[in-house]
Amino acid sequence: MPLAPRPSVPLVALLLLTAAVGPGASGCKRAVRPELGQDRTVEAGVPVELGSREEGAEAVTWELGDGTALQQAARLSHAYARPGAYTVRALHKGEEVGRVQLSVVPRPVLRAVPAGAQTALWMPRLRGGVEPLVDFYERLIGPENARRSLEEAPLVSLVLRGLDGGPSVVDPEEGFGFFLLPGFDGVVALLGIQEPAEAMDAVVRELEEAGHRVLPQEDGSARVVPGDGGPPLLLFVDRGYLYLAVPESPDAPEEGEPMQAQLVVSPDPEVARRAVMGLTGPGLSEEPLLGELRGKVAEGSVYLYSGARPEPEEEEGPVRGFFASLGVGPEQLELDGFLASSRPLWQSAGAPASALLEQAASGPMAAAQLSVPPEELAKLAFGSPGSPRRERTLELWRQEGLDAEALLKALRGDVAMLVYFDAPAFFRNFIRNKRPEPKGTVVVEAGITSAEAVRGLVDKQLQDLSLGFTTQSLPDGVLYRTKVREQPVELRITAQRATLLAGEQLEGRPRGDVGTALRERFGGQAFGAGHVSVMLDLGQLRADLQAPEEVPGVPSGQLDAAQAFTGALLEQLTPLDSAFLDLSLAEGGARLKGRVSLRGAREVSR
């Protein structure tokens, strides 16, 4: 069979060209194929680059899928204000020549904070986070006081307006916070927004209504001159977040200070703006230390991070950084924090738990315990061994005739304080003098190893104060007695402890292990060895006020009226039931636990 004739080279080229440009094409013009990339996820407020990078590329019509007007260009940059799924279409002469799916997600607030920030306080998501926090704050200090104080904070008024259900430029899926930057003496507030221009206008209106002068700048920012004459603020927008850089006002010069010292240069908020505008990558969100500490702390509504960055001339300390979360419930606010250190802050075995808490009168309205080795106490009071501060402090003590080193060696490192409310004495004084003056008893006890150094310090202080006192020898020590503001004060010093009792003797109260009761109430090993713990119990104060059924010398009718008045006054002042804070050693640093409870939380927990 004869072979078919081979097509000529020009015919092959024509067929290939026809396949390239499609049927019906004429000439040799190339098809328009703009570069759109793969379907992908992008962040709200962050510009997306679309189109061809080639010089001289033909313009196409862009349909961006978010309701904005059609745009014609070979290449464009566009930021989506709101999260969602968007289809981008490129059109040429009415025909679609490309499309891409973009999933727009909220931009995390920490990605909008420069990586060099030293400290940041933030709420990751406004929706679901702001409401319980504002509700708790309003219950704690009252709605009017809460709103007034919140609206004084930068940008918070925009957040509150969104909570009220009115029109808002705030993005409820993004965050809000504050941060500090090296080189800028002040604080920067940031808030996730949906419409940059509208958000700027809203803040400018509020600033002007508050009496500030706003000066728009050519770069789109606004300089704010405070009405009180303080240093100018700077308002600007960047990639879906609104920023307000607030410089710290310089301290007023003291009277008689040289004129040269009074010439203080105000901090420049442009430093903060340059840091934000130059931010690339993940910002503070992927700071290694923050990531390390985040896994050690419970989830919450609000977070605080602070990284230790000593100045070049300063010696690096053991503390590396701190991270904490704040969880908010209807009746309680829980704090969980971790302090990272490069070496143990102190040896937990170096100080015992307080003996005072093991056997004390029940029902204190406040309690505190410090269980820290004596040398660590000395570092707090005098400075590190050999440091200039410590040498100066010790020399001042020597000039007063006191041996601070000997006193240091006499301490065991356990100190505790208990505060009791004396309701009968309070009501007697209230009815007699018509003034609600607090009455009660304070007990402070410190463990010691030598009584001589402590007695020397006490004798010296009593002489310098010219305070009348008496002493009484005891089988195991000495007892000092005096009066301060007509209140009896006793100081008992024995070989093992020094105990101060200010106020009346605690008679009629049952005694027991107060430390164990506090641990059962607040959890963990609080008020134990190696812990620094503090507690305030206004619920106990309320119970003490209502407890007396009769008070000698006070008519029952007047007692009932006084109890009703003081109870109502306390309820009006605060709904706080209790507050608690505890610091203890943990592997790699120390853990901080805290709790603030409103009235009713104790009954709920039971």
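# Reading the helices and the sheet

Modeller: This is a predicted model. The protein has a mean pLDDT of 85, and 88% of its residues reach 70 or more.

Colleague: Where in the protein is confidence lowest, and where is it highest?

Modeller: The lowest mean, 41, belongs to helix H1, residues 9–21. The highest, 97, belongs to strand S8, residues 119–123.

Colleague: What does the model show where pLDDT stays under 50 over residues 257–266?

Modeller: Residues 257–266 have four contacts beyond four places in sequence. Another such stretch is residues 311–315, where pLDDT also stays under 50. For residues 311–315 the model has zero contacts beyond four places in sequence.

Colleague: Why are H12 and H16 called roughly perpendicular?

Modeller: Helix H12 (residues 423–433) and helix H16 (residues 556–573) pack at an angle of about 100°. Roughly perpendicular covers 65 to 115 degrees. H12 and H16 are therefore roughly perpendicular to each other. Their axes are 11 Å apart.

Colleague: Which residues make that contact between H12 and H16?

Modeller: H12 brings Phe426, Phe427, Phe430 and Ile431. H16 brings Gln558, Leu559, Ala562, Gln563, Phe565 and Thr566. By class, seven are nonpolar, three are polar and none is charged.

Colleague: How do you know that H15 and H16 are roughly antiparallel?

Modeller: The axes of helix H15 (residues 538–546) and H16 cross at roughly 165°. Angles over 145 degrees count as roughly antiparallel. H15 and H16 are therefore roughly antiparallel to each other. Their axes come within 9 Å, and the crossing is left-handed.

Colleague: What makes up the contact of H15 with H16?

Modeller: From H15 come Leu541, Arg542, Leu545 and Gln546. From H16 come Gln563, Thr566, Gly567, Leu570 and Glu571. The classes are three nonpolar, four polar and two charged.

Terms used
Residues are numbered from 1 along each chain as its sequence is written. This is a predicted model: local features need pLDDT of at least 70, side-chain atom pairs count only at pLDDT 80 or more; totals for chains, interfaces and linings use all residues. Side-chain values use heavy atoms; hydrogens and water are left out. Axes are lines fitted to C-alpha atoms, for helices over the stretch in contact, and angles run from 0 to 180 degrees between N-to-C directions. Helices (H or I, at least four residues) and strands (E, at least two) are DSSP runs, numbered from the N terminus. Angles under 35 degrees count as roughly parallel, over 145 as roughly antiparallel, 65 to 115 as roughly perpendicular and the rest as oblique. Contact means heavy atoms within 4.5 Å. Ala, Val, Leu, Ile, Met, Phe, Trp, Tyr, Cys and Pro count as nonpolar, Asp, Glu, Lys and Arg as charged, and the others, Gly among them, as polar. pLDDT is the predictor's confidence in each residue, from 0 to 100. A crossing is left-handed if the near helix is turned anticlockwise from the far one by less than a right angle, and right-handed if clockwise.
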